[in-house]
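Welcome, and thanks for taking a look at this model with us.

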Amino acid sequence: MMTAVLGTNIVSPLGRTSQENYDAVKRGRSALTGLEKGWNGIPEKITASVFGISGDTDSKRGRRFEDIVVESIAAALEGTGVNPSSERTVLIISTTKGDIESLVPDTLSRYSGPAGAVHRIARHFGIVTSPVIVCNACISGGNAQLLAARFIGAGIYDNAIVCGADTVSPFTAAGFLSFKALSPFECRPFDMERRGLNLGEAAATIVFGRVPDRNSGLWVLEDGAQTNDAYHVSAPSPDGNGVCRAIEAAMKGTAPEDLDCISLHGTATLFNDQMESRAIQDSGLSDIPAMALKGYYGHTLGASGVLETIITMKALENGTVLPTRGFEEPGVSGRVSVSAVERPSGGKGRFLKILSGFGGCNCALRYGRAENALPLATDCGHIEVLGDIRMESPYDFDGTYKTSLENNPKYYKMDMLAKLSYVASELLLKRFPSIRPTSVILFNGSSSIVQDRKHVDMVMGNGGFFPSPSVFLYTLPNLAVGELAIRNGIKGETALYILQKKDPGLMDDIIRVSLPKGTVALTGWVDCRAEDDFEVDLKLITIN
Amino acid sequence: MNDDLILELKNQIIDALNLEELTPEDIDADAPLFGAGLGLDSIDALELIVILDKNYGIKLASPAEGKAIFKSVAAIAEYVAKNRSR
C-alpha cells in the first residue's frame, strides 16, 4: 500500500489552482512586489508576495487565513472522491501563526492561536476526526506531509487533507526585520548578492490517500525524515549536518542518480543557502539539478513546504527543472546545481524536497511516481513510559531553576513555554542519568499566545515599532523543542503539534507513527494559556 | 564624562538581554561583550541594535556595522554620545 497524492491546490497571488500557479511560474512571473514604507503599518520598505497591495483579499469576514485555507482545501478535494467527514479522514494544517490578523492589541486573546481558526475550518468541512496543527517553524509543510504518509501507512487513517498556509502581516514582518533577515529587494537564492528573504502568503493543499495501483500515475510520498541540528535556535549548523542526516535517511534504498531534481529550501538568507549548499555537496548530490522557488513566491512559511512540493511535481510532469529566479552568480561555498535557466528533467519521476527552520529542525521528503515507487515502511511500536513529571499553575518554575538546576545563561532568554519545558525536562532527566533521549515531540493547545502578546506590545503598542529579535523568536512555539534539543544534544526528530485539546490517544498515535522502535524521546503536553495558567505533563518514553 | 551614559547602557543591556543574574557593577565597561566577556551571541547583537534605535535614534543596517561599536560598553557609550539624535 502506498500513500499517494490524489489532489492538490495552490491559492496564491499567482493563481487559484495548482495549474494556474505552475503556468505563471513557468512563464517566469513572480508574485513579489515592492511595498512602500508604511504598508500595513510597517515602517520600512519591504518586498513581499501579497494578495492585494491593500493587504486584503476579497475576504468577506476579515479572516484571510481561514478564507484561503477553505478555498484551497475545497478545490483540492474536488474530483478526489475523498469524503472529508469520514472518520477515516484526518485534517492536518501546517502554519506558523494561523489567523495572524487576530494577533493585534484589540482582538488578541488566549484563543487567538491557530487552534481556534482550525476548529472553524474543520467545522466548515464537517471533519469528525481531531485536526492536527503542525507548528514546526519553516519545516511545517514538509512535516505535515510526512505525518500524513505515516498515518496512512500505519493504517490509522485512509485519507489525509494537508493544507499549509500563512499570511503576511506586520507581526511577522517586524520579527524578520529585527533579525535583519528581510531583503528590501526581490530575493536572490544562492546568489552572491543575496540579502535575505521576502515574505509571502499562500495556502497550498495536498489530499493524500491509500493507492494500491502502480498504474495510477500518481505521485507517492516514498520516504522522509526529520532531524535537529542541536546547534542554535535561530542559526543553522554551518556544516549542514542536520540536513545531511535528513537527506541520508530519506534517500535510503535509492541512489543520487535516481533523482530528477532537488527542490531546495533556498530562503536567500546568507546562512541558510550557505548551509544548504554544504549539505547538498556532502550528500553527494551536487550534480543533481536543483531549484529554489522563493524568488516566485517569497517565503510562504507554513505553506512553503506544501506549495513548493506541488510546483516541483508539476514541473517534473512537464519535463522540466525550473530556473531559480533571482540567481545569477553562485554565492555559496558548497556545489549545488541551481540555474538561472530552465533545464529538461531526467524523466525518472523522483525528487527530493528539503526544508530547514528556526529551532534547528530539518526535513527531507522523497517523492516518486507510483509505477516505480518504494512504499513507506511504517512499523509502529508501542510506547513505554520510563518516567513522567507534571507541573501546573501556580508553580514557581523560576524558583525551581534557581534552587535546583545547573546554571544556564540561556535560561532567562527563553519565553515561558520554553522555560517550563526546560525546567520539567531537567528535573525528569536528572532521575535517569544514564538515559539520553534522541527525539522530542511536544503538544499544546495555545501555541505561544503569552509570547505573542509580548511581541504585539513591542510592535503595535504605544511605545512604537521596536520588535525584539529574541521576543519574536519565541513566538514560534517549536523553539521550546529546539531549546531541549540544544541542551541535551538531541539530533533526531523534533516537532511541536497544536491540538484542539489534550488528547492522549491522538498524541500517542502521532508519537508511535513518528518514532522508530528503540527511540528514546521526551514527549508530552506543555501548554501556556496565560502567565498564571499553564500545564506541563512531560514524559520520558521509549518505543518497543 | 560618559559615566552616566555607561550606567544607563548597562541597565538597558541587562534588561533587554535578560541578564537576570547580573548587576551593572558586574559588567566591566571596557571588557569585551562578545566571545569571552559576557558570552553574548548573534541574537544579542541584534538586540543591541534595537537599544540604539529605540533609546537614541541611531539606526544600524546590519550587525556587521555594529561590530566595532559593540566591542565594549565604553565603546557603545562613545558611539552613542557622538551619534545620538535623542
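A:Ala48 stands opposite A:Leu199 in β7(A), and this pair is our way into the fold. The model is predicted, so local features are given only at pLDDT of at least 70 and side-chain atom pairs only at pLDDT 80 or more, while totals for chains, interfaces and linings use all residues. Residues are numbered from 1 along each chain as its sequence is written, chains are lettered from A and ligands numbered from 1 in the order in which they are written, and side-chain values use heavy atoms, with hydrogens and water left out.

**A three-stranded sheet**

- β2, β3 and β7 of chain A form an open sheet of 3 strands in the order β2-β3-β7, with mixed pairing; strands are DSSP runs of E with at least two residues, helices are runs of H or I with at least four, and both are numbered from the N terminus.
- β2 (32–35) and β7 (199–200) of chain A are the edge strands, each with a single partner, so one side of each has no neighbour in the sheet.
- Two strands count as paired if DSSP finds at least two bridges between them; β3(A) and β7(A) pair in the parallel sense over 2 bridges.
- On the other pairing, β2(A) and β3 (residues 46–49) of chain A run antiparallel over 4 bridges.

**A covered strand, β17**

- In strand β17 (residues 439–444) of chain A, 6 of its 6 residues are buried.
- A:Ser439, A:Ile441 and A:Phe443 point one way from β17(A), while A:Val440, A:Leu442 and A:Asn444 point the other way.
- β17(A) pairs in the parallel sense with strand β19 (residues 520–530) of chain A over 5 bridges, and A:Val440 stands opposite A:Leu522 in β19(A).
- β17(A) also runs parallel to strand β18 (residues 494–499) of chain A, joined by 5 bridges, and here A:Asn444 stands opposite A:Ile498.

**Nonpolar cores**

- A nonpolar core is a set of buried Ala, Val, Leu, Ile, Met, Phe, Trp, Tyr and Cys residues joined through side-chain atoms within 4.5 Å.
- The largest such core has 124 residues, and those with the most contacts inside it are A:Ile73, A:Leu91, A:Ile93, A:Phe176, A:Leu420 and A:Leu522.
- Helix α11 (residues 416–430) of chain A gives the largest share of this core, 10 residues.
- Another core of 65 residues lies apart from it, and includes A:Ala24, A:Val25, A:Leu147 and A:Ile311.
- As background, nonpolar side chains tend to be buried together in soluble globular proteins.

**Helices α4 and α15**

- Helix α4 (residues 140–153) and helix α15 (residues 504–514) of chain A pack at about 95 degrees, with their axes 9 Å apart; axes are lines fitted to C-alpha atoms, for helices over the stretch in contact, and angles run from 0 to 180 degrees between N-to-C directions.
- α4(A) and α15(A) are therefore roughly perpendicular, the term for angles of 65 to 115 degrees.
- A:Leu147, A:Arg150 and A:Phe151 in α4(A) meet A:Leu506, A:Asp509, A:Ile510, A:Val513 and A:Ser514 in α15(A), where contact means heavy atoms within 4.5 Å.
- By class, this contact of α4(A) with α15(A) has 5 nonpolar, 1 polar and 2 charged residues; Ala, Val, Leu, Ile, Met, Phe, Trp, Tyr, Cys and Pro count as nonpolar, Asp, Glu, Lys and Arg as charged, and the others, Gly among them, as polar.

**Backbone details in loops**

- The peptide bond from A:Ser393 to A:Pro394 is cis, with omega near -5 degrees, and A:Pro394 lies in the loop between β16 (383–392) and α10 (397–404) of chain A.
- A:Phe190, in the loop between α5 (170–178) and β7 of chain A, has a positive phi near 65 degrees and counts as buried at 0% relative accessibility.
- A:Ala230, in the loop between β9 (219–228) and α6 (241–250) of chain A, has a positive phi near 50 degrees and counts as buried at 17% relative accessibility.

How values were computed: Buried means under 20% relative accessible area, exposed over 50%, partly exposed in between (1.4 Å probe, protein chains only). Angles under 35 degrees count as roughly parallel, over 145 as roughly antiparallel, 65 to 115 as roughly perpendicular and the rest as oblique.
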